[in-house]
Each structure stands twice: as C-alpha cells, then as structure tokens.
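Hi,

Here is the structure I said I would pass on. Have a look at it first, and then read my notes below.

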Amino acid sequence: RVKRGWVWNQFFVVEEYTGTEPLYVGKIQSDSYEGDGSIKYTISGEGAGTIFLIDEITGDIHATERLDREQKTFYTLRAQARDRQTDQLLEPESEFIIKVQDINDSEPRFLEGPYIGSVAELSPVGTSVMQVMASDADDPTYGSSARVVYSVLEGEQHFSVDSKTGVIRTAVADLDRETQDRYEVVIRATDMAGQLGGLSGSTTVTIVVTDVNDNPPRFPQKMYQFSIVETAPVGTTIGRVKAEDSDVGENTDMTYRVKDEEGVEMFKVTTDSNTQEAVITVQKPLDYESTKVHTVVVEALNKFVDPRFMDLGTFQDQTIVRVSVLDVDEPPEFRPPSNLMEVQEDAHVGSVVGVVTALDPDTANHPVRYAIDRSTDTERIFDIDANTGAIVTGKVLDRETAGWHNITVLAMEADNHSQVSRASLRIRILDVNDNPPELATPYEAAVCEDAEPGQLIQTISVVDRDEPQSGHRFYFTLVPEATTNHHFSLLDIKDNTAAVHTQRMGFNRQEQDVYLLPILVVDSGPPALSSTGTLTIRSCSCDSNGAIQSCNSTAYVVSATLSPGALIALLVCVLILVVLVLLILTLKRHHKSHLTSEDDEDMRDNVIKYNDEGGGEQDTEAYDMSALRSLYDFSEIKGSDGGGGLGEGGPSRNPAAELHTLPQWVQSPDLDFSVFRDYICKKVEQADEDLSVPPYDSFQTYAFEGLDSPVPSLSSINTWSSSSEQDFSYLRGWGPRFRQLAALY
C-alpha cells in the first residue's frame, strides 16, 4: 500500500496588511487529491474560523484580519482531509504553524525614563555620566528593524553619546556648576541601524552638575565697623561677619581666626556652624580711656580644601573689623589691688593702718570718697578717712582675741554715690609681748613621807598666749622668798619645762601635810614678762612600792570620830523633818478646800459675753435656775413670817399659771431686799478672806421673770412709776470692785 501524506508550502503572513481583500496565506492539499472535489478540507486551532478561513474544496487559507507580530508572532493550527461523501478521515490530522512576518512598524522606546544623571564640575572630557537604553518591539532576528543606534539631538556642545551602547559622556572639560548647575540633553534612538526610513524615538536626560570646592571664600566688604560699651563683660558678642562662598554643601564650611596679635589678645572669633558666620566676642575687659578703637584682622578659610584645585588660588580671605569702644560712667578703681595690711596689736586708737587708693577711670576724673561696709565691721574696730582713704584703728586691738580682720572698703564718686566699687581688705594683727607666761595647769604634786633626796616630784610647763616670731623661750626660778627652803629644788631643763626635786628625806604629814612652792616664770620678751605660779605639794603616806595611800591626816581624825551608827541617826532625822513638812502642806491644802465647799450656795458665777441673741425667758439652758428658785423659797419663808410677801389672807394662786404671763413689776414699799443684800455681802466677805484663789465674784444678771414672783424683778423696765424709789447707794460702800455696778444703778 502506498503511504499518503500532506503536500503544502511553508505558511507566512505579513503583519499589518491593509488591503481590502482577505490575504492569501497558503494551500493545503492531500496527495490523494484528484481534482474531482471529493475531499473536504477543514482546520482547527488558534484563529481557525475567525482569523483564518479555508476553502473546503481547494484547501486555500486566507487571513481575514490585520495581524500584529508584536502581539502574537505565530499561530498553531490543525488540518484534516475528509471524504466528502462519507466524512471519513482520509489522512491523519496534522499540525502546522502560520508565522506572522515582521515589518518595521515599531519605533524604539526609552522605557526607563525619566533619566537623571550627575557629573562633577570641571570633570575631564569623556567622563561617563550615565547610560540610556531604548527598546524596539520589532523582530531582532529578521532584518534590521530592531537594530538601534543613538545620537544627541540637543546638548551636543556639552555632552556626547555612544551610538551603540547609549553611554553619555562629557564633551567639554569646563563645566562650571556656579555658571549652570543642570543641563537638559535630548537623546534619539533610531532603528534600521540609522538607515533612511528607520523609525526613531527620543528622551530627555537631566544632567545635574555637582559641586567641587573650586571657589575660595570671599568677604563682601573689606572693612566692618562695630561698637560696644567698655563695661561689656567678657564673652559679650560684638558682631558677626560672613565670607561668601559660591560652592554648596560642606564646601562652604568655614573656619575663622584672628590674624593680628592685638586682636588675638582682646577678641575671640568662633564659627557659627549653622550660618557659617564669624562671631566676634570680647575676650578681655575693654577700657575706653586706654584704647578707643581696636582694629582686628579676621581671616576666613575653607574647612575642606580639594588639593586638585590648589592651583586655582589660595582658599582664604581677610577683612578688617574696627571695634569702637563707647565710654560709660564707671565706678572708681582701686590701685594697686593689694588687699593685705598689718598693724601692731598695741597700736593706739587712731593709728594709721594703711591707705587705700581708688581713681575714677573716666576722663572726667571725679573725686573719690571712701567708706567701710559696716556689715563687715559691726564692732567699728576700724575707721577710714572719707577723703584720703586712710584706714585707722577705732578701738583697742587684741591679737589674742582676733588675729585677723576682714573688712570691705567702698569707693564711690563724690557726686554720684551710685557708682560704687568694693575691695576686700585683710588686716593682720601683729603680735606684741603683752601676755605673761602662766603655768599650764594648777599643778598639785605629792611626796611620800619616806622620799629620798633628789627624787623627781613634778615636771612643770607653761603657756603663753603670745606668738613671737622666733618662738617661745621660758625661764624658771623660785621666787626670792622661797630660795632658802630646804625641802624642794627647781631645775630649769632649758626646753621650756622645769623639774621639782626633793632636797631632803623624812617628810612627816603630821608635822606638815601641805607645802606651797612659788615658782617665777619669765618669757624672752621683748619686753620680758613674768608671772608667779604656786605648786601645791602634799605629804602622803605610801606603801612599800611608792603607791600613795593617804594625803590628809585631818580626814583620818574626822572619820574616826563619826561612827556608822551616828551617820544613820543623822539621816533618819533629816527624813523625819521632810515628812513633817510634807504633812503640814497637805493639811493646809485640805483645810482650804474644806472652806471653799462649806457653803452649798457658793455660786461663783462669771459674766460671760455672748454675741448671739438669747431665747428669752423660757431659755433656761445658759444658767442654773435652781439657785434663783432657792431664793424664791427663802423669800416665801420670810413672807410667811410677816415679812411682806403676799400678805395675810391673800388668795392662793397657781404658780404654773403665773409663769405663763409676763408680769408688770410694781414697787411696793413693804418689799424686803435684805435677803439679797445679806447674800451678796456674805459672798463678798468670803471672797475677801480667801487669799489663795483669784477673785471669782462677778455681777450676775437673772433674766427670768414670773408672774407675782415672791422676789420681784430688779429691772426698771416697764416700771409703773416714773422713777425708782429704791436706794442703791449702799453699793458704793462695797469697795472698788463694785464701782461699775454702783455707777449702773
């Protein structure tokens, strides 16, 4: 059997076909084709039936749509040949490809834009700046449609581009950032290797020229002028100057310094890191009278210098700064500034210690007056002459009391006391020999009864409040009256001490128990002063080892006459006396308390001041009304005896009903006030006799009133009569304590 297969040409279709008729692609034909139309051709796959159509009889394939290779480069389809009558496959299904043939229909495109590059100024020719690349969508394997070359459209006078690689390079060596800091360069990419008819695309590349330190600092002015008062403290800012630099960034960082020697001494220049300014400050106190104008040379230097550009010139500049000192009214100045004076402690009052001098530094040279700040010399030990500044003693000095004095001297202008200067003055009091030496302590020594001759009894030292510059030197000797004693001797050891020794043996404390040895001590002066001290030496009994047992024979005699029983009896007597005294005091206090509580009616009412209004007659909270009611009962008893209360045969009344009304008091001639007089007199008498307590007697006001009270009200309010007939003149006889009460009545 003969093998069958497909017979066709390789299929291609040109992209971007613009004709009106379908574009013929190719023909498929089975080798069994006989031209009778018995074979039916069909296709399937990508674009079958839509993009690609086949003639069922002839097998011709046409493209009905416009194709774009950049979107799809080929199509895969499958072809079948069937018997038209039986629809059976005559050949196995076979796959074929229709390729889209490229044409130059896509221009190069710069896909990574916008492009920004940088290059340092003054870079040499050919310095690489950056690389640009264009992409062409055409088929790079077919023809030259995707072969791109580069060229410069704009900016070719400063930059160039490699036609194959797209690397942009500098075309000149004098790029200056200070002249132009950026360039816009247009780069064109053309396909077809730049041949005529090729498509092209362009992009704009921004090239920034970066700075290098190629410009030195320059001061805008060659001279600056500032002014400052002469009293400006050290550290005061005088002014600021700045050197301009055309560079940017760290290439403008400056360092300033003072060049001349005078300026270095008087002024200081620092750099403000934020503004790159030179800050000029005072480094030494100014004085208008000595120098009115200072000239300072300030130099500016770049902090970071590029050695490649040193041949362009020196990267520094100088300017002159003139500082004018303004005159102000200054306080006097002390000259010289010595603050130490010395004076002998035996100087008389009014002696000159020293002289202070102050001058007015101003050109007017006003006269100066002096004074002492008394807060530093409260005892007024020193005085000062207001005109001359001479310091004199105001009191007697004593180095041993105060060896140093610190005072403050004031100097002020005579016509303007607000301009004051102060100077601390230390005055040292020089020592003179005005204190005699004295024994260091009141020495007491002991000598054993069996002491041998030449035995050391006591070593003596002295003290002297003086402090001679050459040091102390003391001399010891016995007073002339004691040189003839045969008991003890004194030896000057020559080291400001002396030793006392025995001269004999056989001391007996029964014969003499105390020896007084006067010692004369003399200092070295000048003048030499002396004093006499007494050494007390007791004769004592000692044991065999020389330890002292007893030094007072009289004490032994006294102790022998007093037995322990006698001492106990003496203590018992003292104790009994103390007990008796305490008992007497207790009884006396008990007797006084009994007298004060003897009378049950002892009501020592006090006058109490109230600032609020009371509740009236029903208010019984403030006072104990039982005392008043007890007086009512006492008055009723008197009335029953004929004293004139309600009267005989008077109708009996209900006391409760009487309390609910406000009665009008009618003075009756038969009323008896003796009960009140007796009561008050009794209290006065008790108060006068009681000397152990302060007076408690006071005027008591009874504000409660009842209807037809047995004791009528003492108040004169609402009295029926125009004037009271009661005589209260007896109140004047009660003494000064009741003088105010008598005046009220």
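Which residues does aspartate 373 touch, not counting those up to four places away in sequence? They are Thr408, Leu410 and Arg422, where touching means heavy atoms within 4.5 Å.

Before I go on, a word on the ground rules. This is a predicted model, so to speak of local features I need pLDDT of at least 70, and side-chain atom pairs count only at pLDDT 80 or more, while totals for chains, interfaces and linings use all residues. Residues are numbered from 1 along each chain as its sequence is written, and side-chain values use heavy atoms, with hydrogens and water left out.

Now the overview. The chain has seven helices and 40 strands (DSSP runs numbered from the N terminus: H or I of at least four residues for helices, E of at least two for strands). Of its 745 residues, 34% are buried (under 20% relative accessible area, with exposed over 50% and partly exposed in between, using a 1.4 Å probe and protein chains only). Taking contacts between residues at least 6 apart in sequence, 67% join residues at least 24 apart.

Back to aspartate 373, which sits in the loop between strand S27 (368–372) and strand S28 (382–384). With a relative accessible area of 18%, aspartate 373 counts as buried. Its side chain makes polar contacts with the side chains of serine 375 at 2.8 Å and arginine 422 at 3.1 Å.

Aspartate 245 is another one to look at, in the loop between strand S17 (237–241) and strand S18 (254–258). Aspartate 245 is buried but has no salt bridge, and the nearest side chain of opposite charge, arginine 177, is 7.1 Å away (Lys and Arg count as positive, Asp and Glu as negative; His and the chain ends are not counted). The aspartate 245 side chain does reach the backbone nitrogen of aspartate 247 at 2.9 Å, and makes a polar contact with the side chain of asparagine 302 at 3.0 Å.

On to salt bridges: the whole structure has 20 (a side-chain nitrogen of Lys or Arg within 4 Å of a carboxyl oxygen of Asp or Glu). One of them joins glutamate 277 and arginine 240 at 3.0 Å, N to O. That pair links distant parts of the chain, with glutamate 277 in strand S20 (residues 277–282) and arginine 240 in strand S17, 37 residues apart. Glutamate 467 also pairs with arginine 399, the closest N and O atoms being 3.8 Å apart. Glutamate 467 is exposed at 53% relative accessibility, whereas arginine 399 is buried at 13%. Both belong to a salt-bridge network of Arg399, Glu400, Asp431 and Glu467.

Finally, the helical bits. An unreviewed UniProt entry lists residues 566–587 as "transmembrane region"; its annotations may be inferred rather than shown by experiment, feature names are shortened, and positions are given in the numbering used here. In the model that span is 100% helix and 0% strand, with its end C-alpha atoms 32 Å apart. The buried residues of helix H6 are Ser674, Val675, Tyr679, Lys683 and Val684.

Cheers

Methods
Polar contact = N/O pair within 3.5 Å; in protein donor to acceptor, adjacent residues only side chain to side chain.
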